[in-house]
Amino acid sequence: MKIGFIGAGGIANLHAKKILNIEDVEIVAVSDIVIEKAKSFAEKYGGKPYSDYREMFDKEKLDAVWICIPPFAHKDEVILAAEKGIHVFIEKPIALDLETAVKMQRAVEKHGIVSWVGYHFRQAYSVRYVKKLAEEDVIGLFLGRWWGGVVGGPEHWWRDVTKSGGQIVEQATHIYDLARFLVGDVERVYSEIDTLIHKDLPNFTIEDIAATVLRFKNGAIGVITNTSAAQKNGYHVDAEIIAKSFQAQLIGCKKSHIITPTGIMDVESLNDPYFDEDYKFIQAVRKGLKSEVPISEGVKTLEVTLAALKANKERRIITL
């Protein structure tokens with residue numbers, strides 16, 4: 001199986017390392033607008049470096065492509081891949097706006113390629129264990145947090161809302177997707193968002209505090225908070241669920257602490273969720289299997305995060 005990469009940054013390198021451990025898979029090409037990054041990537045993992053993914057698509061016979069670029073860089077790469085019959089693994093968020101995301105989904109579905117969005121939390125054993133419990137129960141409440149720090153220096157794209165979309169869209173999207181995965185689709189969204197703590201940081205135009213209330217279609221209520229102002233020893237990426245017959249705390253992808261009427265148990269994730277999503281995507285391509293996280297899921301989660309931004313801007317509840 002011959003694969004290519006669009007983007008040669010940190011997350012691309014992470015996926016490439018995992019893929020090297022999968023049999024009969026060859027990285028034959030990589031594209032990055034900074035050709036030096038593409039060359040460095042190719043030296044480590046193999047393949048021919050390109051500075052333009054369109055040229056890569058034209059010259060290489062790819063079975064699949066990993067798209068690992070910042071949110072603002074998404075343009076027509078998914079559509080072109082779909083038209084050429086190249087299966088697509090795409091990192092989150094899949095776009096900065098819903099129009100672009102929907103065009104991607106339509107192209108994928110029109111040409112019948114396999115797509116997979118990199119929401120790796122869904123692969124953690126600890127998360128999947130809680131998912132199984134949730135499917136057989138009545139969920140009442142979901143609480144989620146992404147409390148972290150500022151990514152990169154003054155010139156990093158993450159700080160620029162026109163490039164990252166903000167912390168909700170680019171980072172806390174994992175928690176929003178986790179909420180959808182465990183509880184179900186969202187019906188209404190309201191959010192309060194501001195920048196209070198990092199006003200003095202240069203080129204910082206994204207939010208640094210946010211609280212969002214979700215009402216799910218099944219009646220459950222969710223509350224997600226995010227901040228980039230947490231202290232290093234106070235980072236939290238976690239979630240909690242209250243259901244009729246259990247309560248669970250999900251500590252990232254590492255562990256779930258579960259309380260039931262008969263006792264308390266911890267479920268640890270001994271698997272590597274990044275490896276598992278890469279392996280499952282490859283198997284789906286090889287065997288014609290259904291994707292667990294098709295691009296339509298990326299569209300739905302993006303819709304919820306964008307609704308949170310809209311709710312804050314317009315000071316009203318947004319119905320999806």
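Helix α5 (residues 98-111) packs against helix α11 (residues 295-314) at an angle of about 170°, and their axes lie 9 Å apart. This makes α5 roughly antiparallel to α11 (angles over 145 degrees count as roughly antiparallel). The model is predicted: local features need pLDDT of at least 70, side-chain atom pairs count only at pLDDT 80 or more, and totals for chains, interfaces and linings use all residues. Residues are numbered from 1 along each chain as its sequence is written, and side-chain values use heavy atoms, with hydrogens and water left out.

**Helix packing**
- The crossing of α5 and α11 is left-handed (the near helix is turned anticlockwise from the far one by less than a right angle).
- On α5 the contact (heavy atoms within 4.5 Å) is made by L98, A101, V102, M104, Q105, V108 and E109; on α11 it is made by I295, S296, V299, L302, E303 and L306.
- By class, the contact of α5 with α11 has nine nonpolar, two polar and two charged residues.

**Strand pairing**
- Helices (H or I, at least four residues) and strands (E, at least two) are DSSP runs, and two strands pair if DSSP finds at least two bridges between them.
- Strand β12 (residues 247-251) pairs with strand β13 (residues 255-260) in the antiparallel sense over five bridges.
- Q249 stands opposite H257 in β13.
- The hairpin of β12 and β13 has three residues between the strands, and G252 takes a positive phi near 55° there.
- β13 also pairs with strand β14 (residues 263-268), in the antiparallel sense over six bridges.
- T260 has G263 in β14 as its bridge partner.
- Two residues lie between β13 and β14 in the hairpin that they form.

Note on methods
Axes are lines fitted to C-alpha atoms, for helices over the stretch in contact, and angles run from 0 to 180 degrees between N-to-C directions. Angles under 35 degrees count as roughly parallel, over 145 as roughly antiparallel, 65 to 115 as roughly perpendicular and the rest as oblique. Ala, Val, Leu, Ile, Met, Phe, Trp, Tyr, Cys and Pro count as nonpolar, Asp, Glu, Lys and Arg as charged, and the others, Gly among them, as polar.
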